[in-house]
Amino acid sequence: MNSTQEQDRYFMQQALDEAALAEQLDEVPIGAVVVYKGEIVGRGHNLRETSNDPTTHAEMIAIRQAAQALDSWRLLDCTLYVTLEPCVMCMGAIILARIPNLVFGCRDPRVGAVGSIYNLAEDERFNHRVAVQEGVLEQECSTQLKNFFQRLRARNKARKLVQE
């Protein structure tokens, strides 16, 4: 394994750790980190349920934090690592922040905007393209989400039985 692959795995593990923080809050376990020159400058995990704010996706939080840390809305020379393929909103933020590199773990066939439903990363109508690498720690990212939703369905089924 070369150093780039090792680095990608390391930072994706950091995103998985963020996702675990979301899960502790009963949030969908998605995590993200923004990396600049080998250092994490932004971290985020889903907080939609906690904040009652539909924009508090992991990517959005990490991007806001990185912009503050770098004192610039242009996140040039950064890489965003996220456990799940970004949605349309998050891809819009990635493009607007001029983030040149995106690495994600697993696809989101329901709302993914990097090839699953749309591919905004390569859309020539935008003035910025995003280089994408997918599948880093894919199994770990996918398993974390699948296990969360299995537990959620089981908990909801148990609640329903108690109410009957």
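Before going on, what you see is a predicted model, in which local features need pLDDT of at least 70 and side-chain atom pairs count only at pLDDT 80 or more, while totals for chains, interfaces and linings use all residues. Residues are numbered from 1 along each chain as its sequence is written, and side-chain values use heavy atoms, with hydrogens and water left out.

Back to Glu23, whose side chain meets that of Arg151 in a salt bridge of 1.9 Å, N to O; by salt bridge I mean a side-chain nitrogen of Lys or Arg within 4 Å of a carboxyl oxygen of Asp or Glu. This pair links distant parts of the chain, with Arg151 in helix H5 (residues 138-163) and Glu23 in helix H1, 128 residues apart. The helices and strands that I name are DSSP runs numbered from the N terminus, helices being H or I with at least four residues and strands being E with at least two. Arg151 has 44% relative accessibility and so counts as partly exposed.

How many salt bridges does a search of the whole structure find? The search returns 6, and another of them joins the side chains of Arg43 and Glu18 at 3.4 Å, N to O. Because Arg43 lies in strand E2 and Glu18 in helix H1 (residues 3-24), this pair ties together parts that are 25 residues apart in sequence. Here Glu18, at 7% relative accessibility, is buried, and Arg43, at 30%, is partly exposed.

Asp123 and Arg125 also form a salt bridge, with their closest N and O atoms 2.6 Å apart. Asp123 is buried at 13% relative accessibility, whereas Arg125 is exposed, with a relative accessible area of 77%. There is also a network of salt bridges, which links Glu85, Arg107 and Glu134.

Let me turn to the sheet. It is an open one of 5 strands, in the order E2-E1-E3-E4-E5 and with mixed pairing, where two strands are said to pair if DSSP finds at least two bridges between them. E2 and E5 stand at the edges with a single partner strand each, so one side of each is left without a neighbour in the sheet. Neighbouring strands are turned against each other by 15° on average, direction ignored; the axes are lines fitted to C-alpha atoms, for helices over the stretch in contact, and angles run from 0 to 180 degrees between N-to-C directions.

Within this sheet, strand E1 (residues 31-36) and strand E2 (residues 39-45) run antiparallel and are joined by 6 bridges. Gly31 stands opposite His45 in E2, and Tyr36 stands opposite Glu39 in E2. E1 and E2 form a hairpin with 2 residues between them, and Lys37 in the turn has a positive phi of about 50°.

As background, most residues other than glycine have a negative phi. Asp77, however, has a positive phi near 65°, is found in the loop between H3 and strand E3 (78-84), and counts as exposed at 58% relative accessibility. Arg98 likewise has a positive phi, of about 65°; its place is in the loop between helix H4 (88-96) and E4, and at 21% relative accessibility Arg98 counts as partly exposed.

Which residues does Ala58 touch, leaving aside its neighbours within four places in sequence? Ala58, found in helix H3 (residues 58-70) and buried at 0% relative accessibility, is in contact with Ile30, Gly31, Ala32, Gly44, His45 and Asn46, contact being heavy atoms within 4.5 Å.

Finally, the surface: Val88, Ile117 and Tyr118 make a nonpolar patch of about 280 Å². Patches are made of residues with over 30% relative accessible area and no salt bridge, like charges being joined within 9 Å and nonpolar side chains (Val, Leu, Ile, Met, Phe, Trp, Tyr) within 5 Å, and accessible areas come from the Shrake-Rupley method with a 1.4 Å probe, where for residues only the protein chains shown count as cover. Ile117 sits in the loop between strand E4 (101-106) and strand E5 (131-134) and is partly exposed, at 43% relative accessibility.

Technical notes:
Buried < 20%, exposed > 50% of the residue type's maximum accessible area, 1.4 Å probe, protein only.
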